[in-house]
Amino acid sequence: MGERTTSELLEFAQGLADESRKILHAARRRAPDVELKSDQSYVTETDKQIEARLREVIEQHYPEHGILGEEHGSTNIDAEFVWVLDPIDGTAAYVAGIPVYGTLIALARKRRPWIGIIDHPASDDRWIGQSDGATRHNGEEVSTRPQIELANALMTNSNPDFFSQDERARFDRLREQVTYTQYGGSCFAYGVLASGRTDLAVDGGLDSFDIFAPAAIIAGAGGFVTDWSGKEIDLDWRGTVIAAGN
């Protein structure tokens with residue numbers, strides 16, 4: 001992959017985030033119509049509209065690429081390059097009118113996280129990263145926090161209700177060792193980890209579209225993302241995740 005082509009893909013990914021942001025800005029001040037999916041999570045027409053638009057643009061420009069989205073399934077999933085889309089990460093917060101939600105756009109290369117965007121329109125924050133390159137927050141290069149002791153670490157968790165009983169017990173043991181745990185940040189929590197504001201993000205009940213973009217961004221900033229066993233994530237992954245700055 002030549003540098004010029006990589007730059008084009010990074011620029012294209014940002015164009016997708018611009019499209020998503022337009023739709024979210026137009027919809028955010030009105031209460032959405034809500035449906036419950038089979039896993040009892042929320043989905044709105046805005047989720048569906050954003051993903052449909054992003055898929056349309058991708059298929060126009062890169063018809064040979066695959067797509068994996070939260071709301072509309074997968075196409076050409078065995079391609080070398082697969083776009084991984086979460087149109088609204090933090091849909092429950094969006095439904096409640098709490099501005100802790102954003103769009104996750106990733107490009108997998110050979111089934112691994114490669115390029116990622118966390119776009120958080122309510123606060124005008126955008127992280128874009130490349131797992132084998134660099135990560136930028138609103139255009140400025142960022143890096144994860146230098147190594148610290150676990151006892152001094154600041155940890156985030158989106159929602160402990162997503163853990164199984166065993167996972168919750170393991171999480172609680174870790175929670176007792178860190179300085180403080182902040183809850184409810186959704187994708188924003190992974191962005192601030194990449195920017196060196198926090199040290200750990202620990203979550204469960206996730207799918208690949210929840211974590212591919214953060215994984216590329218955090219890797220580009222000097223950190224890492226694995227499951228709780230230390231295994232790398234891929235397109236088939238689902239479950240627990242730990243992100244760390246070092």
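Reply: Start with the lining of the largest pocket: its residues divide into 12 nonpolar, 10 polar and 9 charged (Asp, Glu, Lys and Arg count as charged; Ala, Val, Leu, Ile, Met, Phe, Trp, Tyr, Cys and Pro as nonpolar; the others, Gly among them, as polar). Keep in mind that this is a predicted model, where local features need pLDDT of at least 70 and side-chain atom pairs 80 or more, while totals for chains, interfaces and linings use all residues. Residues are numbered from 1 along each chain as its sequence is written, and side-chain values use heavy atoms, without hydrogens or water.

The volume of this largest pocket is about 850 Å³ (a pocket is an open set of points on a 1 Å grid over the protein atoms alone, with protein on both sides within 12 Å along at least five of seven lines; lining residues have an atom within 4 Å of a point; the volume is the space filled by probe spheres set on the points). It has 31 lining residues, and Ser41, Gly90, Thr91, Phe162 and Asp210 are the closest to its centre. Two or more lining residues come from each of β5 (81–89), α3 (91–96), α5 (187–194), β13 (200–207) and α6 (208–220) (helices, H or I, of at least four residues and strands, E, of at least two are DSSP runs, numbered from the N terminus). β13 gives the most, with 5 residues.

Technical notes: 1 Å grid on protein atoms, 1.4 Å probe; cavity = no way out; pocket = protein on both sides within 12 Å on 5 of 7 lines; lining within 4 Å.
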